[in-house]
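Hi,

Here is the structure I said I would hand over. Have a look at it first, and my notes follow below.

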Amino acid sequence: MSERLLPMFSSRILMDSCLTLRMLFQVCLYFYCKFLWRCLKFVMRKLTGRCELQRICYNTKPGASRTMKIETSLRDSKSKLLQTSVSVHPDAIEKTIEDIMELKKINPDINPQLGISLQACLLQIVGYRNLIADVEKLRREPYDSDNPQHEEMLLKLWKFLKPNTPLESRISKQWCEIGFQGDDPKTDFRGMGLLGLYNLQYFAERDAAAAQQVLSDSLHPKCRDITKEEISKFSKAEWEKKRMDKAIGYSFAIVGINITDLAYNLLVSGALKTHFYNIAPEAPTLSHFQQTFCYLMHEFHKFWIEEDPMDIMEFNRVREKFRKRIIRQLQNPDMALCPHFAASEGLINM
């Protein structure tokens with residue numbers, strides 16, 4: 001028995017040794033690259049007479065490209081002052097920039113534009129972190145039917161989406177007409193809390209015509225002709241079903257809460273930095289987030305129609321495909337998801 005176990009133990013020891021050596025190599029490579037990068041930064045400063053922050057501000061156009069490079073430089077710095085500058089209070093940004101320029105021995109009289117550029121970047125960086133906190137607070141707050149403010153928002157949502165149809169009672173099957181699952185919408189807000197309601201109301205109020213059109217399309221999807229190319233993709237049985245069936249609709253409110261979840265995850269993961277750093281000249285706000293939600297609702301609606309799913313069971317597949325497309329777009333440093341809301345022209349070109 002022991003002779004049989006010996007090869008197994010030997011193999012296990014060999015595997016553990018390989019893993020340890022691999023981890024050791026990765027650690028050594030990390031510190032080597034870090035050391036090499038700092039040496040390179042030192043050489044560049046001697047050659048150009050400028051620190052890394054100056055080189056980024058002077059050589060990179062304003063917007064996401066510049067702000068993300070500044071954020072990385074500050075976060076990876078060995079200086080505690082620079083590391084903590086990305087999380088200071090907005091009111092302390094000016095003082096923080098003064099401290100940074102003093103630390104880097106940069107004369108503000110000779111480099112007046114550097115302070116302005118750094119301030120714009122820090123406002124965006126700090127603002128993004130604060131926006132995550134604001135959005136998270138709304139997401140964690142549950143819908144409370146005993147709270148008059150919550151109830152008022154819910155009733156306004158109905159009014160904005162169905163202006164010509166009175167709601168017969170607070171608990172009513174009519175809620176299904178705007179895409180809730182039952183006679184009391186409060187149960188549908190459990191996943192995203194008040195954030196889902198805030199976004200839906202914003203869309204219905206600020207972009208009323210579009211919201212009402214999307215709602216109408218979701219309830220009464222239009223039939224369309226199937227092309228010869230599409231026929232070739234289906235089996236005969238699938239084609240007959242597709243030919244006879246109407247296009248598939250969806251539950252407007254439930255999809256809105258689902259798209260809220262998508263927007264929330266894009267925000268928290270940092271994927272939306274590209275977008276917000278390009279459209280917000282200073283700190284991105286909750287309104288910027290809600291405008292992004294409106295854009296995502298528009299785009300998902302168009303994407304759903306383009307995908308023309310066989311049934312509602314394909315929702316998760318379509319949503320995942322849509323999510324991947326948005327992430328690919330956000331990997332472009334010049335990307336602004338909703339150019340009609342863009343404020344990037346107001347960025348100071350320093």
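Let's start with Lys-104, which lies in the loop between helix H5 (93–103) and helix H6 (112–140); helices here are DSSP runs of H or I with at least four residues, numbered from the N terminus. Before going on, a word on the source: this is a predicted model, so local features need pLDDT of at least 70 and side-chain atom pairs count only at pLDDT 80 or more, while totals for chains, interfaces and linings use all residues. Residues are numbered from 1 along each chain as its sequence is written, and side-chain values use heavy atoms, with hydrogens and water left out.

Lys-104 counts as partly exposed because its relative accessibility is 23%; buried means under 20% relative accessible area, exposed over 50%, and partly exposed in between, using a 1.4 Å probe and protein chains only. Lys-104 and Glu-52 are 52 residues apart in sequence, with their C-alpha atoms 9.9 Å apart in space.

Lys-105 also lies in the loop between H5 and H6, and it is exposed, with a relative accessible area of 75%. Most residues other than glycine have a negative phi. Asp-308 has a positive phi too, near 45 degrees. You'll find Asp-308 in the loop between helix H14 (286–307) and helix H15 (315–330), and at 14% relative accessibility it counts as buried.

Now the aromatics. Rings of Phe, Tyr and Trp (its six-membered ring) pair if their centres lie within 6.5 Å; planes under 30 degrees apart count as stacked, over 60 as edge-to-face and the rest as tilted. How many aromatic pairs does this rule give? The count comes to 15. Elsewhere, ring pairs link Tyr-250, Phe-300, Phe-303, Trp-304, Phe-315 and Phe-322 into a cluster.

Last, the cysteines. A search of the whole structure finds zero disulfides, a disulfide being a pair of cysteine sulfur atoms within 2.5 Å. For Cys-51, the closest cysteine sulfur is in Cys-57, 8.3 Å away, which is too far for a bond. Cys-51 is buried, at 3% relative accessibility, whereas Cys-176 is partly exposed at 32%.

Cheers

How values were computed
Helices (H or I, at least four residues) and strands (E, at least two) are DSSP runs, numbered from the N terminus.
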